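Hello,

Here is the structure I said I would pass on.

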Amino acid sequence: MKKHLVSDLFAVVGRPLAQSYSATYWNEKFEQKKLLGCLFENLELKTISQLKDFIDTHKNARGFCVTIPFKTSVMSLLDEIDETARNIGAVNCVKVRKSDDGVKLIGYNTDWVGFSEMIKPMLTPAHKKALILGTGGASKAVSYAFDKMGVEYDFVSRDKDGCLKYGDLTEKVINDHLIIVNATPLGSFPNTKECPDIPYEFITPDHVVVDLIYNPIRTLFLQQAELKGAAIKNGWEMFTKQADEAWRIFFNKQ
């Protein structure tokens with residue numbers, strides 16, 4: 001196979017990345033569009049501060065997708081943050097802009113776009129309230145999307161103040177929230193036997209249950225919801241739609 005000079009380097013930044021399909025997805029897209037100088041890599045970091053070192057030593061770095069656990073901490077490294085990403089409080093897309101004045105890192109959030117486009121077709125007027133499991137960067141994008149859609153929501157956390165706790169999820173609470181979104185990494189590859197500790201016995205066919213995880217395709221969380229007749233969806237469509245938005249930022253946005 002003929003090798004090409006890498007003129008534009010992209011990466012997904014996170015830890016761990018064994019479950020990520022990003023590199024395969026983006027490199028296939030580069031190949032389809034005949035962008036032979038583009039390459040997408042996994043960049044597994046111990047601390048987000050290492051990203052600066054990577055950029056300093058890779059002059060061809062053009063952009064990064066950001067995943068767990070760095071969607072909020074990456075913001076401290078950025079020179080500019082898009083207004084929407086600032087309002088969300090999380091960044092999952094970083095454009096590297098180079099000029100005569102130097103290098104600027106600009107942060108965006110495409111997760112909320114992907115989530116909105118994924119879940120809207122699943123909802124009916126009865127779906128007025130949601131439970132968001134988790135309080136990390138992904139959950140912030142989900143809550144922003146719900147704000148835009150006019151859907152009320154409550155966060156569920158093991159230990160964060162001001163949130164429902166898993167022990168608070170009674171039959172009444174579950175029945176009152178017909179949308180349930182797993183925004184935690186529980187159940188992702190390789191820990192596929194894990195799932196959020198919610199009372200699945202109270203889920204009904206009226207529920208819409210979404211897992212932001214896409215590897216595996218059907219998490220234990222989704223399997224249990226499906227057994228109760230709920231409409232389910234994994235995070236693959238969200239992943240592809242947010243990636244399309246990231247593509248626009250990397251290649252079309254000035």
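Below are the conventions, then the strands and the aromatic rings.

This is a predicted model, in which local features need pLDDT of at least 70, side-chain atom pairs count only at pLDDT 80 or more, and totals for chains, interfaces and linings use all residues. Residues are numbered from 1 along each chain as its sequence is written, and side-chain values use heavy atoms, with hydrogens and water left out.

Helices (H or I, at least four residues) and strands (E, at least two) are DSSP runs, numbered from the N terminus. Strand 1 (residues 8-14) pairs with strand 2 (residues 38-44) in the parallel sense, over 7 bridges; pairing requires that DSSP finds at least two bridges between the strands. G14 lies opposite E44 of strand 2. Together with helix 1 (residues 22-32), the two strands form a right-handed β-α-β unit (with the strands pointing away from the viewer, the path from the first strand over the helix to the second runs clockwise).

Rings of Phe, Tyr and Trp (its six-membered ring) pair if their centres lie within 6.5 Å; planes under 30 degrees apart are stacked, over 60 edge-to-face, and the rest tilted. There are 22 aromatic pairs by this rule. One of them, W247 with F251, is tilted, at 4.4 Å centre to centre and 35° between the planes. W247 and F251 are 4 residues apart in helix 8 (residues 236-251), so about one helical turn separates them. Ring pairs also join F10, W26, F30, F40, W247, F250 and F251 into a cluster.

Regards
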